[in-house]
Amino acid sequence: MSGGMIAVLALVAIGFGAWAFRRWRNHLLMQHRAQYLLDELPMMPEPLAKGRILLSEEKLKIRHGERRIYGRVDQIFSYRGLAYPLETKTRKRAQVYLSDRIQLSAQARMLREDRGFRVANVGYVRFVTPKSPVVYKQVDLLPDDELNRLFDRRHAILSGEIPPQVPTNLAVCHSCTHQHRCDKGRKRVRD
Ligand code: SF4
């Protein structure tokens, strides 16, 4: 067998191996998800309890003007022709913050624009807290014009045009992915 043929066969074998590994990993992931979903069925709101999972742990994107915004969804459920985003949060208390609403609203828009789904005007947060059973809370999603205003503001903060407004809840700074470039946030977390 020629060297070229061996190289081609090796590439095919590597490609097949990677495909099989992804399938195996996704299968395990869905099994794990399915188990917790079954356990929590009595606590779930109707669209999640009676719906089916459309997507799990997927990256999505949208365009906003010249910019692309990327996001990752935990789970998306489909119920009666509509898609519902679900985010899991591990917190001390089952409290919904504005940042949750923004995150779910951006995900809903990504589902519409990136995947062409019809999306509900609500999403859900699944709270895992230390002292009580899992809680699901419904969140009203933001309209597109409000989301656009927030995207513009985010861009202006990241490009240094305007300073970030420090949130009242310190936990938001603690878990903020922009903390490394935010003097105010870093100082607040340190103090
Ligand atoms: S670290 Fe900075 S950017 Fe992040 S939430 Fe706190 S103030 Fe806002």
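Q: What order do the strands of the open sheet have?
A: In this predicted model, the order is E1-E2-E3-E4-E5, which makes an open sheet of 5 strands. The pairing is mixed.

Q: Which ones are the edge strands?
A: Strand E1, residues 52-64, and strand E5 are the edges. Each of them pairs on one side only.

Q: How many degrees does the twist average from one strand to the next?
A: The average is 40 degrees.

Q: Next pair. How many bridges for E2 and E3?
A: There are 5 bridges between E2 and E3, again in the antiparallel sense.

Q: You mentioned Gln75. Which residue of E3 stands opposite Gln75?
A: That is Leu86. So far, then, Gln75 has come up with Ser56 as a bridge partner and with Leu86 in E3 opposite.

Q: Which residue in the turn between E2 and E3 has a positive phi?
A: Arg80, at about 50 degrees. This hairpin also has 2 residues between its strands.

Q: What about E4 and E5, how do they run?
A: They run antiparallel, with 6 bridges joining E4, residues 122-128, to E5, residues 135-140. A hairpin of 6 residues connects the two.

Q: Which residues of E5 stand opposite Gly123 and Arg126?
A: Gly123 has Val139 opposite, and Arg126 has Tyr136 opposite.

Q: Leaving the sheet for a moment, which helix lies across the strands?
A: Helix H3, residues 98-115. It lies across E1, E2, E3, E4 and E5, and runs at about 90 degrees to E1.

Q: How many helices and strands does the chain have?
A: The chain has 6 helices and 5 strands. Starting at the N terminus, the elements run α-α-β-β-β-α-β-β-α-α-α.

Q: Switching to the ligand. Which residues are around it?
A: The residues there are Pro164, Val166, Pro167, Val172, Cys173, Cys176, His178, Gln179, Cys182, Lys184 and Gly185.

Q: How does that shell split by class?
A: The shell has 7 nonpolar residues, 3 polar ones and 1 charged one.

Q: Which helices supply at least two residues each?
A: Helix H5, residues 170-174, and helix H6, residues 183-190.

Q: Where is the confidence lowest, and where highest?
A: The lowest mean is 71, in helix H1, residues 3-40. The highest is 97, in E5. For the chain as a whole the mean pLDDT is 86, with 92% of the residues at 70 or more.

Q: Last one. What radius of gyration does the chain have, and what would a compact globule have?
A: The chain has 21 Å, while a compact globule of 191 residues would be near 16 Å. The C-alpha trace spans about 70 × 45 × 35 Å along its principal axes.

Definitions and conventions. Residues numbered from 1 in each chain as written. Predicted model: local features only at pLDDT ≥ 70, side-chain atom pairs only at ≥ 80, totals over all residues. Pairing = 2+ DSSP bridges. Helix = DSSP H or I, 4+ residues; strand = E, 2+ residues; numbered from the N terminus. Axes fitted to C-alpha atoms, helices over the stretch in contact; angles between N-to-C directions. Contact = placed C-beta atoms within 7 Å. Near = placed C-beta within 6 Å. Nonpolar A, V, L, I, M, F, W, Y, C, P; charged D, E, K, R; others polar. pLDDT = per-residue confidence, 0-100. Rg over C-alpha atoms; globule rule 2.2 N^0.38 Å.
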